Each structure stands twice: as C-alpha cells, then as structure tokens.
Amino acid sequence: MFSLEIDLEVPSKEEEKLIPGSYENGDVMDVTDEIDAEDNDGTPPAASEHAVEACEPNLMESFAGSEDHVDVTAEADASKGVILEPQNDLEFESKEAAYSFYREYARSVGFGITIVSSRRSKRSGKFIDVKVACSRFGSKRESNTTLNPRSCPKTGCKARMHMKRRQDEKWIIHSFVKEHNHEICPDDFYYAIRGRNKQPDAVAFQKKGLQLVLDGKDVESMLDFFMSMKDENPDSFYTLDFDNEKCLRSAFWVDAKGRHNYSHFSDVVFFDTFFVRNNYKIPYIPVIGVNHHFQYMLLGCALIGESTTSAFAWLMHSLLKAMGGQAPKVVLTDQDKVLSEAVADVFRNSRHCFCLWHVLSKLSENLGSIVNQNDNFMKKFNKCIYRSWTHEQFEERWCRMVDKFELKEHEWVHSLYNDREKWVPIHMRNVFLAGISTTERSESVASFFDKFMHKAATFSEFVGQLKSFSLELCEMEAKADFETQNKQPLLRSVSTFEKQMSMIYTDKIFKKFQAEILGMVSCHLQKESEDEETVIFRVDDFEERQNFLVSWRKREFDICCLCCSFEYKGFLCKHSLLVLQMSGVSDIPCNYILKRWTKEAKIRQNLGEKSNRLHHRVQRFNDLCKRAIKLGEEGSISEEAYTIALQALDEALKYCVGVNNSSKSVFEASTLPVHGFLETEAENHWNAKSKSTKKKKAYKKRKVQFESEGITIGQDSCQQMISSRANRLDDCSVSQQEMHGM
C-alpha cells in the first residue's frame with residue numbers, strides 16, 4: 001500500500017547576487033579559479049572538461065537549481081517561438097537568469113552547452129565572470145580512458161556566450177559567438193544537461209525523479225521487495241511519492257525491526273545524504289540511530305529523485321507517519337539550506353544540528369586558498385571552535401579570525417556563523433548526540449556504510465547488499481545482547497563507580513565509562529571557590545594538557561563540567577568523577593545514568609506495556625482494526641462463534657461509550673487516517689522525570705587563570721553551563737526505583 005502525494009510547488013534556489021564595486025582596484029580577480037579553453041585556442045587542458053565542475057561545485061549547483069525552476073516557463077515560451085538570440089550587452093538580473101536564457105536558446109537551436117570557465121572576486125569569493133560554450137568545444141583526446149566519456153564528440157567548436165557582472169549587480173552578455181563548426185544534433189542538448197550516465201537510446205528528457213536512475217524492471221523489483229518485506233512481517237512500512245504525471249519521485253520504507261528500535265531510541269536521528277551528495281548511482285538516504293550498545297541501526301531507508309525541500313520534507317513526513325507521529329528529539333543532517341528548510345517545516349519541536357564532520361570537510365572546498373597560504377589559519381579556527389568556553393569568548397575569537405583573514409564578506413563563512421547554534425560545541429552543551437557527530441569520517445556514519453554501498457551499483461545489487469547488511473546489523477546486536485546479559489565485565493580498579501555501573505551499563509558503554517574511570521589518575525584536582533550552594537573545582541588534565549572547571553552542588557547532586565562529555569556522550573567524564581570521588585560520593589547519582597545506555601533499555605516497559613503502549617489515536621485505531629479482522633475471521637466460522645463475537649462487541653461498545661462520556665476520560669485531538677492503515681505498533685516511549693526543578697542562586701565572581709592557553713574564565717561560565725542544562729536529559733535518566741531494580 002502506498003500514498004499518492006502530488007506537490008505542484010517546485011522551490012527555486014535563492015539567486016546569488018554579487019556585491020557592487022567588485023571591479024575596483026581592491027577587488028582583484030582570483031585567476032587560480034579560472035579554467036578557460038579560449039586562452040588555449042580552443043584546445044583545453046587535458047582535464048579541463050572535468051575540472052570545471054570539480055573546482056566550482058557551488059556554481060554548478062546554483063545553475064542546476066535554476067534549471068528545474070525555469071524548465072516549464074521556458075519550454076512554453078519556446079513553443080510560441082519567442083526564444084531570442086543572444087546579443088552583446090543584453091542584461092539579466094542574475095547569472096542564473098543569463099545561464100537559463102542561453103540554455104533555452106541552445107535547446108531551441110539544438111546543441112548542448114557546458115560551463116568552461118568561471119572567475120570569482122578575491123575579496124568576496126562570489127562569481128563575477130562565467131563562460132558557457134557548446135558541448136563540442138575543445139579537441140578530441142587521443143586517449144579515451146575516462147570513466148565517463150562524453151557522448152558528444154569534440155570538434156573544437158567556438159560557439160559560446162561570455163557573461164559578466166556589472167557594478168550595479170546586473171549581469172550582461174559580454175560577447176557571443178553564434179557559428180558552430182559541426183552539424184546541429186538536438187540529442188547533444190539532452191546528453192549535456194542530463195549527465196553522462198544515461199544510455200544514448202534513452203529519451204532522458206522525458207524522465208523525471210527516480211525514473212532517471214530506475215528503469216521499469218528496477219521499479220518492479222522494488223515493489224516485489226516491499227511486498228516481500230510486508231509478507232515477512234506485516235508491521236513493516238513503505239510509501240511511494242508520485243508527481244501529477246504519475247512519475248515516481250521518491251520512496252521510503254522501514255522494516256518491523258526499525259520501527260521497534262525507533263520506539264526505544266528516537267532521541268537522536270541522522271538523515272545521511274552522503275550518497276546523494278556524492279552522486280552515487282542509487283540516490284540512497286539511510287535514516288540512522290544508535291542503540292544501547294553504541295551500534296548504528298537503520299530506522300528507515302529512502303530513495304529520492306531530486307534534492308529539493310519538498311522531497312526532503314516528504315521523506316521526513318513519511319518517517320513520522322511510519323512511527324505514529326513520534327518526532328525525534330534531535331535531528332542531525334549535513335549543512336545544507338534545503339535540508340534546514342525541510343527540518344524546520346516538519347520537526348518544529350526538535351533540535352536541528354549539523355554533522356560536525358561534514359562542516360569541517362567543506363573547509364578545503366570553500367577556503368582552500370586561505371588554508372594553504374596561511375599556516376596559522378587552522379590553529380586559529382580550531383582554537384575558536386574547540387577552546388571557547390563561553391558564548392562571548394567564541395564571538396570575540398570568531399570576529400578576530402574573520403577580520404585577520406578578510407573573511408567578512410565570504411558567503412560560506414557567513415553561513416557558518418549564522419548556523420553556529422547547530423554545530424559549534426559551545427552552543428550545543430544542552431544537546432545529546434549519542435556519539436553520532438564526529439570530527440573524522442573514519443568514525444562517522446558514512447564510513448559505516450562504505451562496505452556495502454558502491455558508487456556504480458545497480459538497483460538489484462543495492463537491494464541484495466542492503467539485505468545482507470541488515471542481517472549483519474541484527475547479528476551484531478544479538479551478539480552484543482548475549483555478551484551483555486551473560487558476560488561479567490572485568491573490573492580494573494577499586495572504584496565504587498566502576499563496580500556500580502558494571503551491573504547497569506551494557507558491555508560496550510561500560511568499557512567507554514571504564515576508560516573515564518582509569519583516566520582519573522591523569523587528573524589533578526584543586527578547589528577554586530565555594531559558597532553555600534556550590535563548589536567550583538579546577539581539574540588539570542595532564543593527558544589532554546588542558547584545564548577544566550567543574551561545578552558541584554552537593555545538596556542537589558548536580559555536577560557540571562565544561563568539557564560537556566555528559567551532554568555529548570551520555571555518561572560522566574573523568575573530571576566530574578574525580579570531583580564526586582573527592583567529595584565523598586560513592587555512587588553515580590541516578591539522574592546521570594541514561595536509560596538508553598542500560599542493559600534494560602529495551603525491556604523496561606514490559607510491566608505496563610499491554611495497557612499503555614499506544615499513545616496516539618491513529619495507533620489505537622489501527623491496532624483495534626487489526627484485532628477486529630482476526631475476530632471477524634474466527635467469529636464467522638460458525639453460528640455459535642458469531643453470536644459470542646457479536647455479544648462481546650455490543651458489550652465492549654457500551655463500556656467504551658460510557659468511559660468516553662465520563663469526566664475522567666482523556667481525549668487526544670488526533671484525526672483518523674483517510675486512506676489505509678499505518679499498521680504500527682509502537683512501544684510506549686519512556687518519559688520518567690527523576691529530578692525536581694532546582695533553585696538557582698548567584699555565584700560569587702572570581703576569575704581563574706588557564707595556564708595552558710593564557711585565557712581567563714570565571715564562575716559565570718559555570719553559571720551559563722548550568723543554565724543551559726535546564727532542558728537537560730532529566731526525563732531520560734533512571735529513577736530511584738529503577739536504580740534499585742537494576
């Protein structure tokens with residue numbers, strides 16, 4: 001069963017305008033970004049054809065976004081015969097508008113186009129000059145060993161359009177060459193705009209969405225895969241998205257295990273667009289979470305035909321539909337405007353964060369010349385990002401860095417600053433990320449899927465590999481479950497904390513916690529200040545060669561370290577453990593033990609599961625319908641069974657009406673589905689609060705000198721930390737009763 005969803009709105013990318021005055025003496029053009037075939041008499045360098053797209057991905061993406069936006073209107077104009085011939089000094093509002101104009105002219109004439117050169121302003125980093133040529137420009141290479149050879153043969157064609165940006169922000173046609181040195185072949189246009197991986201006999205321009213990567217047999221195989229998944233377990237879910245022309249745009253599915261896992265571990269969910277962003281043949285987007293063994297797990301899978309806001313919003317709505325409307329607490333994505341818009345539209349009450357590795361990986365792409373020319377840049381950047389202990393300190397260091405390296409008008413740097421609350425550590429101290437956001441790709445989610453995802457894999461290969469991979473994930477979890485339940489952890493110290501958590505944490509989490517216990521020996525503790533409520537300690541960590549402030553409120557068992565290990569990883573750091581130990585605390589406070597890391601993370605709901613596991617009206621409705629079908633099947637076998645079933649239904653209906661009419665009943669304002677059943681059976685999401693609201697008092701201001709970096713930081717920093725943790729993970733920690741049970 002699938003849903004037919006039609007979205008007539010195709011969002012366009014925001015037009016990129018260049019700042020005025022970029023042709024002044026202070027705005028020198030960066031010639032290192034230019035690849036111009038014209039300078040070589042029509043014979044480009046050996047790699048120029050591929051280097052243009054590789055060196056200017058933002059330009060290609062900008063034009064790609066304008067293509068989808070302009071297709072409908074431009075083709076309509078072309079059918080009326082109003083496509084004009086380019087002329088010198090013809091002006092446009094943006095480079096996208098100029099490119100679209102030449103593109104539609106090429107379509108009407110019947111030749112392909114490609115961007116052969118572009119230049120940026122050295123001061124602002126924005127485009128000021130673009131040359132677009134016939135796709136047959138340049139000369140034919142003697143060696144044809146490229147992985148993706150062009151369909152259009154090279155003839156050294158000189159036909160091209162050169163556009164420039166004026167000081168008034170308008171774009172003009174600087175020069176235009178009309179004549180071609182080859183016969184016009186209309187297929188050249190479609191080969192050029194639809195990519196290199198399409199077969200020559202395919203009518204690519206008539207295909208949309210997933211049809212560009214899936215043929216008829218692939219779609220049939222996909223539907224067979226979905227039906228087989230449903231046959232194996234009816235709690236599996238899938239949905240398809242079609243446009244108004246009945247073309248398949250997107251698909252989403254999740255098996256029964258993924259839905260079950262989501263009911264326990266929906267606190268952090270990552271939408272991984274790595275394979276779409278890196279142009280894999282199959283546009284696969286896994287929805288990923290982390291279980292109680294610190295293992296990645298699949299919470300859903302999707303194929304999308306286009307990277308638009310509407311496509312990603314549909315994907316996220318589909319996840320919500322499959323999971324009974326339960327939204328994740330934290331949504332992780334790559335840094336992307338389209339993804340941000342989709343998350344803001346669908347998950348309005350969730351915290352949106354960027355994957356740290358993706359942000360850092362774009363440094364060389366956007367600031368490569370600055371990084372290469374300034375050995376000091378990365379040191380300043382890392383100090384600003386990782387060594388800032390307060391918001392004010394981050395702001396001060398960021399401004400100094402931007403001024404020193406003249407990045408005030410750099411668009412990407414500006415976007416990083418605007419999105420700082422989604423990725424900078426100091427702004428994420430009240431966010432739990434379950435260890436997903438890392439700084440190295442070798443540790444990231446994408447590398448986890450590398451062993452089964454291949455860039456050129458066909459759909460049948462992809463499905464086979466996905467099945468094998470899903471089975472491997474199940475086996476890994478089963479093995480971890482067995483070891484946790486049957487293997488006694490080896491204690492390596494006399495710490496009471498270690499003994500306590502060896503009986504509570506899963507084996508994998510306990511080993512990570514044990515490393516913190518053993519790391520306490522490399523730390524030196526010193527009391528900095530004390531008042532009636534709070535004691536401030538300074539911990540010198542000789543292993544990490546840093547100093548950390550730790551705030552401890554003994555009366556309320558509230559501890560806070562500026563390294564933020566608890567917020568990021570979900571267990572206390574060695575600095576906090578040392579303070580607790582020196583303060584005479586023998587057990588980890590229960591509010592610092594997250595349920596999701598315990599041995600009983602997936603079985604703690606069994607006692608009340610039968611009566612209260614279904615929160616939403618849609619879920620209860622679907623569950624009753626399934627049970628009614630079973631009752632109908634059994635009750636219709638004989639007259640006696642029919643009479644019993646009928647009496648039971650009448651009696652149950654009277655009781656339900658009475659309960660609903662009583663003043664004690666509680667209603668949910670959910671509406672019934674208008675088509676099909678969601679077939680969901682989500683577990684009751686735990687929501688136990690173990691701590692009361694704490695009274696905050698002002699701290700005595702006293703500054704502490706950090707010897708390792710020569711910076712000063714006072715008690716206000718700890719106050720800021722504690723305040724930021726008002727919405728902490730209290731509702732996710734274990735209660736005293738559960739603690740004794742464990």
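User: What is the make-up of residues 548-584, and how far apart are the end C-alpha atoms?

Analyst: This is a predicted model, and in it the span 548-584 is 38% helix and 27% strand. Its end C-alpha atoms lie 20 Å apart. An unreviewed UniProt entry annotates those residues as "domain: SWIM-type".

User: Moving on to the sheet, what is the order of its strands?

Analyst: The order is β7-β8-β11-β10-β9-β12-β13, an open sheet of seven strands with mixed pairing. From one strand to the next, the twist averages 20°.

User: How do you know that β8 and β10 pair with β11?

Analyst: Count the bridges. Two strands pair if there are at least two bridges between them. Strand β8 (residues 248-254) has four to β11, and strand β10 (residues 284-290) has seven, so both meet the cut-off of at least two. Both pairings are antiparallel. You can look at individual partners too: Ala302 in β11 is the bridge partner of Phe252 and also stands opposite Ile285, while Val287 stands opposite Gly300.

User: What makes β11 count as mostly covered?

Analyst: Nine of the nine residues in strand β11 (residues 296-304) are buried, and buried means under 20% relative accessible area. Helix α5 (residues 216-232) touches β7, β8 and β11, with its direction at about 150° to that of β7. Helix α8 (residues 309-322) lies across β7, β8, β9 (268-271), β10 and β11, running at about 30° to β8.

User: Which residue in the hairpin of β10 and β11 takes a positive phi?

Analyst: That's Phe294, with a phi near 60°; the hairpin has five residues between the strands.

User: Which elements make the right-handed β-α-β unit, and how do its strands run?

Analyst: The unit is made of β12, helix α9 (residues 337-346) and β13. Strand β12 (residues 330-333) runs parallel to β13, joined by four bridges. One partner pair there is Leu332 with Cys353 in β13.

User: Why is the pair of Tyr105 and Phe176 called edge-to-face?

Analyst: Check the distance, then the angle. The ring centres are 6.0 Å apart, and rings pair if their centres lie within 6.5 Å, so this is a pair. Tyr105 sits in helix α3 (residues 95-109) and Phe176 in strand β6 (residues 171-177), so the pair ties together parts 71 residues apart in sequence. Tyr105 and Phe176 are both buried.

User: Then what makes Phe459 and Phe462 a tilted pair?

Analyst: Their centres are 6.1 Å apart, with 40° between the planes. Stacked needs under 30 degrees and edge-to-face over 60, so 40° falls in the tilted class. Phe459 and Phe462 are three residues apart in helix α16 (residues 459-486), which means about one helical turn separates them.

User: How do you know that Phe459 and Phe462 are buried?

Analyst: The cut-off for buried is under 20% relative accessible area. Phe459 has 4% and Phe462 has 1%, so both qualify. Ring pairs also link Phe459 and Phe462 into a cluster with Phe274, Phe275, Tyr280, Tyr284 and Trp357. The structure holds 27 aromatic pairs.

Key:
Residues numbered from 1 in each chain as written. Predicted model: local features only at pLDDT ≥ 70, side-chain atom pairs only at ≥ 80, totals over all residues. Heavy atoms only, no water. UniProt positions renumbered as here; feature names shortened; annotations may be inferred. Helix = DSSP H or I, 4+ residues; strand = E, 2+ residues; numbered from the N terminus. Buried < 20%, exposed > 50% of the residue type's maximum accessible area, 1.4 Å probe, protein only. Axes fitted to C-alpha atoms, helices over the stretch in contact; angles between N-to-C directions. Contact = heavy atoms within 4.5 Å. Right-handed = clockwise from strand over helix to strand, strands pointing away.
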